[in-house]
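Hello,

Here is the structure I promised to pass on. Please open it first; my notes follow below.

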Amino acid sequence: MRRFAPGTEVDVVVVGTGAGGAPVLAELAAAGLDVVALEAGPFFDPFRHTPDETDAAEINWMDERLSAGADPTAFGPNNSGRGVGGSTLHWGAFTPRPDAGQLRLRTQSGQGRDWPLSLDELAPFLLRAEADLGVSGPAAYPWDPSRRYAYPPAARNASADRMADGCSLLGIRATDAPAAVLTRERHEHGQTRGACISCGTCHQGCRTGAKASMGTTYLSAAVRSGAEIRADAFVHTVETDAAGRVTAVVYRQGDTDVRQSCRALVLAAGGVETPRLLLHNALANSSGQVGRNFLAHPATQVWGTFDTPQRSYRGYPSSLITEDFLHPTDADFAGGYLIQSLGVMPLTYATSLVRGGGLWGDELMSALEAARFTAGLGINGECLPSEDNLLELSDEIDRFGVPRARVSFTAADNEKALSRHAVAVMTRILEAAGATATRVLERTAHTLGTCRMSDDPSDGVVDRYGRSHDIDNLWIADNSTFPSALIANPALTQVALALRTAERMLAPQP
Ligand SMILES: Cc1cc2nc3c(=O)[nH]c(=O)nc-3n(C[C@H](O)[C@H](O)[C@H](O)COP(=O)(O)OP(=O)(O)OC[C@H]3O[C@@H](n4cnc5c(N)ncnc54)[C@H](O)[C@@H]3O)c2cc1C
Ligand code: SF4
């Protein structure tokens, strides 16, 4: 890997190497720019990943965050990653595309918020993202017949089989899910990614390289093009000149503070750390929108108990999808949801039983005894922006001298109605498949929306390309820019947005 002396000014510094930062880094490096990525967490060799859930927490962001509101969001393993590759170290690699309606929520429903860009503008970048990651999927996608996937679908797990049984009996369309999981070996960027071996430990890190992470895709490409990645480098300060433009960042590596000068800065630290950094440095907030409108997808699960062992923890988890409920005709809420099959490891399941099911003591122990007989379904649903859901700086200071984030989240009536509808549908599917009992586990997923994009500078933090409305050499490329949550899980869209941001950065500037 090329090394830049910290004293030298580089063209661009990228803070964070997840689904937003990595594609930007790769694109800028490929264009010949001098680029350095600063990543708070360490490098992980894929062979170091372990299926042991306790040890695997090393790939999660485990620093303390304060969670508030009536439905406080779960941090730790449920939330974001820390390490080269960011949350794609532990993500599920489930990659549905958003449809046009999800980006036009306000126009369609009178609620929520439209995105300042259309699906037509995003589509070429979604296709590029799928090609770069290596996405598998069905030969015919029922909700978009024109769609083609490069790899055949991953093998289904037991939850997917039960979901397919139930959907077919109820007349609900379901098919193999799009997943950034290779089903054939692939050689690129000087490495080999293996085919999926159905081990089921995606959330603990994939040891074969079958699951796309930023490390096995864009970051490998970036380094080969001359980018430098500095790991264990936590950025805490952004310096600006008298005109308010960014000149440098300061990061802590070990016990040492290091200054890195740059001509432009890309913040890609995720939906919690990017607004935290901006609020701490009092930057890019003339709109007052930094930290506002925190969004978390309703991700309610229903688990069914069957007479025969299911062992849903085996196999690629999210192997079946239905998009029949993106815009339900009988809905008393705005937006909709998709349903996916589930597979979780024992500790994750136990945690969800406690946190989302309220189980404890003997009841918890007997639910755990029955775990191998269960198959589960979960949703990813729309979340409307709300003034009450926000990220602020608390008065607790961390070891870097930065106030810890306090994130408040309360599900509104829309999310509650959506979740009720989804629970009824998922229960019907599991019962049709033969479940003798079902259990609902409430949860939310993902951290979005705290530096939203907008055309109007008074109403958002960045423009439709991710450029700060206030500071022309500051860009944001992460989930914080989402104006509404979308129904599609966020990472594919995030990669696409990042590729679009990079293209804009490389275009002749006005
Ligand atoms: C359990 C789980 C499963 C998921 N599964 C899916 C899925 O199947 N499909 C899907 O689409 N999405 C999934 N997601 C969500 C997906 O991973 C995220 O949407 C996506 O990775 C977000 O990209 P990002 O660039 O915003 O942030 P991240 O990928 O989280 O990257 C942010 C990076 O910035 C670094 N960083 C933060 N602060 C600093 C700092 N101050 N200095 C230096 N570095 C810093 C972090 O260490 C991290 O590496 C999942 C998430 C979770 C928690
Ligand atoms: S199930 Fe497949 S994609 Fe997931 S960790 Fe195992 S090999 Fe990797």
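**Strands, core and ligand shell**

β8 and strand β9 (residues 246–253) are antiparallel partners, joined over six bridges. Keep in mind that this is a predicted model.

Start with that pair. F234 is bridged to R252 in β9. The two strands make a hairpin with five residues between them. In its turn, G244 has a positive phi of about 90°.

β9 also pairs with strand β10 (residues 256–267), again in the antiparallel sense and over six bridges. Here R252 has D257 in β10 as its bridge partner. The β9–β10 hairpin has two residues between the strands. G254 takes a positive phi there, near 65°.

Next, the core. The largest nonpolar core has 138 residues. V14, V15, L25, A222, L265 and V266 touch the most other members. Helix α11 (residues 490–506) gives this core its largest share, nine residues. Leaving out residues up to four places away in sequence, L265 touches V13, V238, V246, V249, N473 and L474.

Last, the ligand. Which residues around ligand 1 are the closest? They are G16, G18, G20, G86 and G92, out of 44 that surround ligand 1. β8 (234–240), α7 (270–280) and α11 are the elements that give two or more residues to this shell. By class, the shell has 25 polar, 15 nonpolar and four charged residues.

Best wishes

Methods. Residues are numbered from 1 along each chain as its sequence is written. Chains are lettered from A and ligands numbered from 1 in the order in which they are written. This is a predicted model: local features need pLDDT of at least 70, side-chain atom pairs count only at pLDDT 80 or more; totals for chains, interfaces and linings use all residues. A nonpolar core is a set of buried Ala, Val, Leu, Ile, Met, Phe, Trp, Tyr and Cys residues joined through C-beta atoms within 7 Å. A residue is buried if 20 or more other C-beta atoms lie within 10 Å of its own, exposed if 12 or fewer, and partly exposed in between; C-beta atoms are placed from the backbone. Helices (H or I, at least four residues) and strands (E, at least two) are DSSP runs, numbered from the N terminus. Two residues are in contact if their C-beta atoms, placed from the backbone, lie within 7 Å. A residue is near a molecule or strand if its C-beta atom, placed from the backbone, lies within 6 Å of it. Ala, Val, Leu, Ile, Met, Phe, Trp, Tyr, Cys and Pro count as nonpolar, Asp, Glu, Lys and Arg as charged, and the others, Gly among them, as polar. Two strands pair if DSSP finds at least two bridges between them.
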